[in-house]
Amino acid sequence: MPYFTKLLFLLFCLILAGECRKHKTRRRRWTGPVEAHKHGNALAPKMPDVTKTRKVKTEQLLRVDDHDFTMRPAFGGPAIPVGVDVQVESLDSISEVDMDFTMTLYLRHYWKDERLSFHSTTNKSMTFDGRLVKKIWVPDVFFVHSKRSFIHDTTTDNIMLRVFPDGHVLYSLRVTVTAACNMDFSRFPLDSQTCSLELESYAYTDEDLMLYWKSGDESLSTDDRISLSQFLIQKFHTTSRLAFYSSTGWYNRLYINFTLRRHIFFFLLQTYFPATLMVMLSWVSFWIDRRAVPARVSLGITTVLTMSTIITGVNASMPRVSYIKAVDIYLWVSFVFVFLSVLEYAAVNYLTTVQERRERKMRERMREQSLPCTCGMSHTRTMMLDGTYSEADTNSLAGYTQAPMVPEEPEKQEHMVVHLSVSSESTATKKKGLRAFRIIQNTHAIDTYSRMIFPGSYIFFNLIYWSVYC
């Protein structure tokens with residue numbers, strides 16, 4: 001029992017000591033102003049702690065929660081004007097097969113929404129990222145005839161929203177869009193293409209939203225470094241007009257038009273020069289001996305197959321259009337020239353065969369008759385020819401003069417004795433004349449005319465082609 005009494009007494013003393021300490025601390029805390037008054041200083045107001053001041057949220061500053069932003073500004077009144085300007089960052093690609101183009105651009109919208117106005121002594125705007133866009137009203141602009149499009153999101157969504165104190169809003173985003181372009185390839189590859197990127201409001205007609213270019217033609221700006229491998233960008237310009245849909249009404253539509261002219265040098269190297277060389281190569285067969293069948297046939301087939309490969313390669317990179325292109329005209333005319341050179345040799349070979357058959361019959365008829373002949377000149381030379389002599393042998397007799405033949409022994413009637421007169425010319429001159437005569441005899445008349453007709457016709461075709469399409 002005495003033990004518990006001591007414990008209670010000790011606890012009471014500790015509580016009493018604590019109360020005395022609190023009373024002294026409270027008295028020391030209020031002695032500051034008194035001492036300051038004794039030293040003659042006025043009582044200064046305490047400055048607020050900025051770090052502990054509660055910030056005003058964006059939603060509260062712009063009063064986002066106080067309005068219904070599912071409706072457009074001035075709902076029920078006149079159409080709200082929305083200005084647009086575009087800065088083209090790059091023209092990425094042009095596809096002839098898919099008939100489309102890909103463009104990256106900065107799309108900016110300008111409008112006024114008094115519901116977003118706020119008080120500001122400095123009249124400075126406030127800039128936000130894409131998170132606020134989902135809470136306010138923005139124009140529902142989309143790309144007409146768009147196949148694919150997306151807003152860049154590296155490292156965050158490339159969206160900027162700038163609000164001014166009077167309620168004016170700037171809404172900017174970076175977009176890459178792939179849109180259709182109706183191309184006409186009737187003059188390909190000597191063509192020019194005009195493509196358009198069209199912008200329009202999806203839900204609001206011209207009675208609710210008036211879409212317009214903010215600064216006219218100056219609303220469209222481009223980077224001077226934009227270039228394409230196959231095209232030369234000639235002109236960018238803007239237009240606008242109304243588009244009508246039978247079920248919904250009239251809409252404002254904005255157009256970004258640009259004209260592209262194709263570079264011809266690539267196709268000259270890859271298509272026109274090879275085709276021309278193949279046609280010229282087919283003419284080489286006109287100077288080859290008509291008896292060299294393997295040489296002329298292989299040359300003709302090679303040029304035909306090469307032209308087929310060139311035509312196939314060009315058409316593989318083009319859409320399957322139902323009309324004739326300029327390159328088709330050139331390639332197919334070149335193919336016809338090459339094919340005609342093969343047919344020309346077929347005609348020459350056939351006529352040569354017919355001529356040789358006719359000469360063979362004449363030789364057989366002469367051998368059956370076995371008519372002798374003698375030479376009527378003083379200086380003669382005798383040559384024995386049997387019935388198997390060739391055309392080359394008879395051609396080599398061009399420098400000799402024939403005379404009536406003299407019959408010899410009956411048992412040797414299968415041979416002919418020919419007396420030939422030898423002129424007094426030198427041996428070297430005679431050989432040259434015989435060689436030239438042999439060349440003339442071995443060249444068919446069709447080959448001779450083809451050497452002039454084929455090149456002349458092809459040159460005339462090129463003059464007409466390039467004067468029409470250039």
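Thr 238 sits in strand E11 (residues 231-245); strands here are DSSP runs of type E with at least two residues, numbered from the N terminus. Keep in mind that this is a predicted model, where local features need pLDDT of at least 70 and side-chain atom pairs count only at pLDDT 80 or more, while totals for chains, interfaces and linings use all residues. Residues are numbered from 1 along each chain as its sequence is written, and side-chain values use heavy atoms, with hydrogens and water left out.

Thr 238 has a relative accessible area of 10%, so it counts as buried (under 20%, with a 1.4 Å probe and protein chains only). Its side chain makes a polar contact of 3.0 Å with that of Asp 217. Beyond its neighbours within four places in sequence, Thr 238 is also in contact (heavy atoms within 4.5 Å) with residues including Trp 213, Leu 220 and Tyr 255.

Now for the greasy part. Which residues touch the most other members of the largest nonpolar core? Among its 77 residues, they are Val 86, Leu 91, Phe 101, Leu 161 and Leu 197; such a core joins buried Ala, Val, Leu, Ile, Met, Phe, Trp, Tyr and Cys residues through side-chain atoms within 4.5 Å. Leaving out residues up to four places away in sequence, Leu 161 touches Met 126, Phe 128, Ile 136 and Tyr 171, among others.

Note on methods:
Helix = DSSP H or I, 4+ residues; strand = E, 2+ residues; numbered from the N terminus. Buried < 20%, exposed > 50% of the residue type's maximum accessible area, 1.4 Å probe, protein only. Polar contact = N/O pair within 3.5 Å; in protein donor to acceptor, adjacent residues only side chain to side chain.
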